[in-house]
Amino acid sequence: MVFSYKSDLVLKANIVIIIVLLKTSQVLGKKNFSISMASIFSCNFEVFGVVQGVFFRKYTEKQANELGVRGWCKNTAKGTVIGELEAPLGPLNEMMDWLRNKGSPESKIDRAEFSPLQEIASYNFNNFRIIR
């Protein structure tokens with residue numbers, strides 16, 4: 001079997017992470033410790049600032065699809081963008097950070113608010129889409 005240098009390093013790094021997690025759980029006395037890489041979380045969001053007329057929803061959809069985040073977004077009558085996100089914790093946190101700090105190139109984000117994260121049993125959405 002032939003591995004590229006990069007994929008071999010990634011595989012080794014993942015194995016090291018799993019071993020460290022398992023050893024940590026043993027030290028802490030957690031006998032029923034399990035690694036759940038498939039846990040899915042959901043939250044609602046609202047972004048305030050200059051987020052309409054600046055392709056914010058289009059860039060949000062693009063970023064969500066790049067991260068594998070599912071859900072939706074739409075403009076509101078009060079000039080904000082609202083939506084729902086579903087993803088494993090890592091991609092969800094990346095998306096939340098993007099909504100809070102980056103947005104589309106022409107947007108000016110004042111703040112982003114998020115509901116508390118809820119763990120969900122399965123996805124409710126097949127992809128991320130813009131609702132008009």
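# A tour of the chain, stop by stop

From the N terminus on, the elements follow the order α-β-α-β-β-α-β-β-β. That gives three helices and six strands in the chain. Keep in mind during the tour that this is a predicted model.

**Start with the whole chain.**

**Select residues 56-67 and 89-101.** The stretch 56-67 is helix H2, and 89-101 is helix H3. How far apart are the axes of H2 and H3, and at what angle do the helices pack? The axes are 10 Å apart, and the angle is about 160°. An angle over 145 degrees counts as roughly antiparallel, so H2 is roughly antiparallel to H3. The crossing of H2 and H3 is right-handed.

Now show the side chains where the two helices meet. On H2, select Phe56, Tyr59, Thr60, Gln63, Ala64 and Leu67. On H3, the partners are Pro91, Glu94, Met95, Trp98 and Leu99. Sorted by type, the residues of this contact are eight nonpolar, two polar and one charged.

**Stay with Phe56 and Trp98.** The structure holds one aromatic pair, and it is formed by the rings of Phe56 and Trp98. A pair of aromatic rings is described by the distance of the centres and the angle of the planes. Here the ring centres are 6.0 Å apart and the planes stand at 40°, so the pair counts as tilted. Phe56 belongs to H2 and Trp98 to H3, so the pair ties together parts that are 42 residues apart in sequence. Are Phe56 and Trp98 buried or exposed? Both are buried.

**Move to Ala112.** Select residues 108-114, which form strand S4, and pick out Ala112 within that strand. Ala112 has a relative accessibility of 16%, so it counts as buried. Leaving out residues up to four places away in sequence, Ala112 touches Glu46, Val47, Leu99 and Arg100. Leu99 was also on the H3 side of the contact with H2.

**Go to Gln52.** This residue sits in the loop between strand S1 (40-50) and H2. With a relative accessibility of 29%, Gln52 counts as partly exposed. Which residues does Gln52 touch, not counting those up to four places away in sequence? They are Asn75, Thr76, Gly79 and Thr80. Then select Glu106, which is 54 residues from Gln52 in sequence; from C-alpha to C-alpha the two are 9.8 Å apart.

**Finish at Tyr123.** Look in the loop between strand S5 (118-120) and strand S6 (128-130), where Tyr123 lies. At 27% relative accessibility, Tyr123 is partly exposed. Apart from neighbours within four places in sequence, Tyr123 is in contact with Ile40, Arg70, Glu86, Ala87 and Pro88. One of these, Glu86, is 37 residues away along the chain, yet its C-alpha atom and that of Tyr123 are separated by 6.8 Å.

Key: Residues numbered from 1 in each chain as written. Predicted model: local features only at pLDDT ≥ 70, side-chain atom pairs only at ≥ 80, totals over all residues. Heavy atoms only, no water. Axes fitted to C-alpha atoms, helices over the stretch in contact; angles between N-to-C directions. Helix = DSSP H or I, 4+ residues; strand = E, 2+ residues; numbered from the N terminus. Parallel < 35°, antiparallel > 145°, perpendicular 65-115°, else oblique. Left-handed = near helix turned anticlockwise from the far one by under 90°. Contact = heavy atoms within 4.5 Å. Nonpolar A, V, L, I, M, F, W, Y, C, P; charged D, E, K, R; others polar. Phe/Tyr/Trp six-rings, centres within 6.5 Å; stacked < 30°, edge-to-face > 60°. Buried < 20%, exposed > 50% of the residue type's maximum accessible area, 1.4 Å probe, protein only.
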